[in-house]
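The sequence and the model are shown first, and the notes follow by topic.

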Amino acid sequence: ARVYFAKPARSLTILESAVLVSAPNRYNPHRNPDLALQRAHRVIEQMVEQGHLTREAANRAKRQHLNIV
């Protein structure tokens, strides 16, 4: 969380958390920001499918701007 977003994990948004799920591999937001964002959106959709997020919360999360430091 601190490496990519300069904040503790407990302060991450849903979108930022979804990015971190795949960050160490080809979805690294420093090397592949567009791919990381696509993957994050897929993770958010999976969270909806599994009942962890509402559709409304997912849509809000996917509209957020991602600030990678």
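Setting aside neighbours within four places in sequence, Ile44 is in contact (heavy atoms within 4.5 Å) with Ile14, Leu15, Ala18, Leu53, Ala58, Ala61 and Lys62. The model is predicted: local features need pLDDT of at least 70 and side-chain atom pairs count only at pLDDT 80 or more, while totals for chains, interfaces and linings use all residues. Residues are numbered from 1 along each chain as its sequence is written, and side-chain values use heavy atoms, with hydrogens and water left out.

**Nonpolar core**

- The largest nonpolar core has 15 residues, and Phe5, Ile44 and Leu53 touch the most other members.
- Helix H1 (2-5), H2, H3 and H4 each supply at least two residues of this core.
- H3 gives the largest share of this core, four residues.
- A nonpolar core here is a set of buried Ala, Val, Leu, Ile, Met, Phe, Trp, Tyr and Cys residues joined through side-chain atoms within 4.5 Å.
- Buried means under 20% relative accessible area, exposed means over 50%, and partly exposed lies in between (1.4 Å probe, protein chains only).

**Helix H3**

- H3 has 17 residues and spans 24 Å from its first C-alpha to its last, close to the 24 Å expected at 1.5 Å a residue.
- The expected span is 1.5 Å times one less than the number of residues in the helix.
- The buried residues of H3 are Ala36, Ala40, Val43, Ile44, Glu45 and Val48.
- The cover over these buried residues includes helix H2 (14-22) and H4.
- Glu49 is also found in H3, and Glu49 is exposed, with a relative accessible area of 57%.
- Glu49 and Asn28 are 21 residues apart in sequence, and their C-alpha atoms are 24 Å apart in space.
- After H3 comes Gly51, which has a positive phi, near 85°.

**Salt bridges**

- A search of the whole structure finds five salt bridges; the term means a side-chain nitrogen of Lys or Arg within 4 Å of a carboxyl oxygen of Asp or Glu.
- Glu45 forms a salt bridge with Arg55, with the closest N and O atoms 2.8 Å apart.
- This pair links distant parts of the chain: Glu45 is in helix H3 (residues 33-49) and Arg55 is in helix H4 (residues 55-63), 10 residues apart.
- Glu45 is buried, with a relative accessible area of 16%, whereas Arg55 is partly exposed at 39%.
- Leaving aside neighbours within four places in sequence, Glu45 is in contact with Arg55 and Lys62.
- Arg60 and Glu56 meet in a salt bridge through their side chains (2.8 Å, N to O).
- Both Arg60 and Glu56 lie in helix H4, four residues apart, which is about one turn of the helix.
- Arg60 counts as partly exposed at 42% relative accessibility, and Glu56 is exposed, with a relative accessible area of 54%.
- Another salt bridge joins the side chains of Glu16 and Lys7 (3.0 Å, N to O).
- Glu16 is buried, with a relative accessible area of 7%, and Lys7 is partly exposed, with 22%.

**Overall build**

- The protein chain has four helices and zero strands, and its elements run α-α-α-α from the N terminus on.
- Helices (H or I, at least four residues) and strands (E, at least two) are DSSP runs, numbered from the N terminus.
- The radius of gyration is 11 Å, which agrees with the value near 11 Å for a compact globule of 69 residues.
- That radius is taken over C-alpha atoms, and the globule rule is 2.2 Å times the number of residues to the power 0.38.
- Taken along the principal axes, the C-alpha atoms fill a box of roughly 30 × 25 × 20 Å.
- Of the 69 residues in the protein chain, 33% are buried.
- Among contacts with a separation of 6 or more, 41% are between residues 24 or more positions apart.
- The protein chain exposes about 4500 Å², and carbon and sulfur atoms supply 49% of it.
- Accessible areas come from the Shrake-Rupley method with a 1.4 Å probe; for residues, only the protein chains shown count as cover.
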